[in-house]
Structure formats: structure tokens, C-alpha cells
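User: I would like to know what the words in a structure description rest on. Please show me the model, and I will ask about the terms.

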Amino acid sequence: MSTGTLERIAPPAYAQVDEEREVSLKQEIRSLASERQAIILAHNYQLPEVQDVADFVGDSLGLALEAQRDPRQTIVFCGVHFMAESAKILNPGKRVLLPSLAAGCSLSDSITADSLEDWKQRYPGRAVVTYVNSSAEVKAQSDICCTSANAVSVIRSLSQRKILFTPDRNLGRWVARQVPEKDIVIYDGCCPTHDVLRGSDVGAGKRERPDAVVIAHPECREDVLALADEICSTTGMHAAVARHPEAKTFLIATEWGLVHQLKKRFPDKTFIVADGCIGCRLHCPYMKMNDLEAVLRCVREDRFEIRVDPAVASRARIALERMMAVPRDR
Ligand code: CIZ
């Protein structure tokens, strides 16, 4: 694919819907959601038009907290499967719906309860810290969860020095550099969307825009992080932009959906997806499964309901609640 000019940021063609249809879908979704007293939550990586119909847009930690705070009993979770599962685990009495069951996560699939069990046996006695991008079964076998917004604080909060970190190797390595006093063994999983980005892509963007501030997600590889001015979670990226009031241009090294929120909040800044090919590689196909048609079917037909085995859920909830007691990194 041609790299084009870095000025243009456009979603891949198949993600676009006809404008008139988009307006009527949004109206129908909003009116059905209020009629049925459903809250719509959308992750920062969702399609822009899906973010626009949500009551709340955020990262997985923010969405989980919002799901708990809101009194509505039906949660339409526009994200991927593990996130909807976490919402269900934390809100067992509420109905959690995921618009598309195809919205999985390769990183979450890179570790199973069995492979974690094998790994724990290889490294006995270590505290298991699991990134929320994991199944309920894997969380249930973990001591504590973390997100990219609190991973460093979670590791620091532990009394144990020896830790197993699962499943993202890039996040794990970055955290290990922040907390050298801990002995951290890192699982070999990754998010393919972030892992595909290379330092040379970011370097090319920097050559074209030497004034740009580079903001990278810690799921990116080390050569990308080495070029970053700021390394943070998606929600942390808002604060990172605010820390550079003099900067006009930002190279964003994370899934392109996040740029929609940044553009809304900072309309006078220019945000460029750091892959140099207009979001074509920093594109998570699973996050984009929940298009407006799927969200409408979800609200109208109450599908697809997420259920978690109660025994698994009660153990996973302990790991999630321990995490939620730890503050965000910054
Ligand atoms: O925790 C999340 O929501 C993810 C997957 C990324 C981030 O940094 O927000």
C-alpha cells in the first residue's frame, strides 16, 4: 500500500458507512437505548461513529468503572470480548451485551488457562500479574490484573519481588524497566496491531515532521518506545497532549480509533497515526467488528449476552478488584 502523505488520516474504506444511513442509525440506536434504559460504553479503539453514539468512551479501566457507577441494568459494551467479560464479572447482576461475538482479541487468545498453569509450574512462588487483555479463566488464575494505565503502580504495590507478567511482552518489558527492583519473568504474547509498528516507521514520520511530539502505547516494541516523548495508555494520551501546549503536531503510536477522541478534545492540534500509512497497520480488525448496524441489532434484539461461569467469575473478580484499588500511573 502506498504511504501517501502523513497529513491524511482516514479509516480503511470498508469501515465507512453512507452518511444518511449513519445519521438514521445513530438516531435509532440512541432512542432505543434510552427506551430500554441501556448504557452504551465504547472503547477508545472503536469506530468513530460508534464512539459518537456512546454515553461514555474510555479505556478498559474507565469503562469498567463507569459500568459499576451507572445504575442502568443493561450495558451495551462496544469493545472486545474480554472487556465485556470484565464488565460482567464486575457487574454480575447486570446484563452485558456485546454487539459482535467476532470481536475477539489476539493478545487475549495468546494465553489460555492451561498455558498459564504450565508456566506457573515452571516458575513456582511468583506473583502472577495479568494484563486485562486476557480471558476470565486466565484472570481467575492470576493474583492481580493491570491495565496499561496502572501496570507500573500495580507491580510496585506488590510485596513480592518475583513476578510473572502475562501476556504482553512489550508492556511487560516496558514495566520491568520502570521497576528494576522487581524480578519479572515475561510471557511471550503481543498485540499484533501494536507489534507490527517499527522504529523506522516512527523515524520516517519524525523526519517528515521534526516538530512532532511522539506519543506511544506501551504495547509497542522497544524500538518504537525508544523514539517516544511520552509512553502511556490511551487515556493517558489525553493528558500527554495537554502536557505539550506549545506543540502543534503529534505522532500517535496506537490503534487509530483513539485519534477520534484526541481530535474532538484538541481541535487545533494535528494528530498523525504513526504507521505512516494512514492507520492501515495500526488497525485492530476485532475492535472494528462492532459497526453501527451491529450496535443497532444489539440494542434492538438484546444480543449478544455475555455470561461467565460463576466460579470463574468470583476468582477473576478478586484479581480485578485488587487492581481497581491501585491508582492510575499518572
Ligand atoms: O486498557 C485498555 O483499554 C487498552 C487495551 C489500551 C489502553 O491503553 O487504553
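Analyst: A search of the whole structure finds two cavities of 30 Å³ or more. The model is predicted, so local features need pLDDT of at least 70 and side-chain atom pairs 80 or more, while totals for chains, interfaces and linings use all residues. Residues are numbered from 1 along each chain as its sequence is written, and side-chain values use heavy atoms, without hydrogens and water.

User: What makes a space a cavity, and what is the volume of the largest cavity?

Analyst: On a 1 Å grid over the protein atoms alone, a cavity is a set of points where a 1.4 Å probe fits but cannot get out. Points are joined across faces, edges and corners, and the volume is the space filled by probe spheres set on them. For the largest cavity this comes to about 80 Å³. Its lining residues (an atom within 4 Å of a point) include Phe77, Phe82 and Met323.

User: Why is the ligand said to lie between two domains?

Analyst: Domain 1 (18-104 + 286-301) and domain 3 (194-273) both give residues to the shell around the ligand, so it lies between them. The bounds come from an automatic or database domain assignment.

Methods
On a 1 Å grid over the protein atoms alone, a cavity is a set of points where a 1.4 Å probe fits but cannot get out, and a pocket is an open set with protein on both sides within 12 Å along at least five of seven lines; lining residues have an atom within 4 Å of a point.
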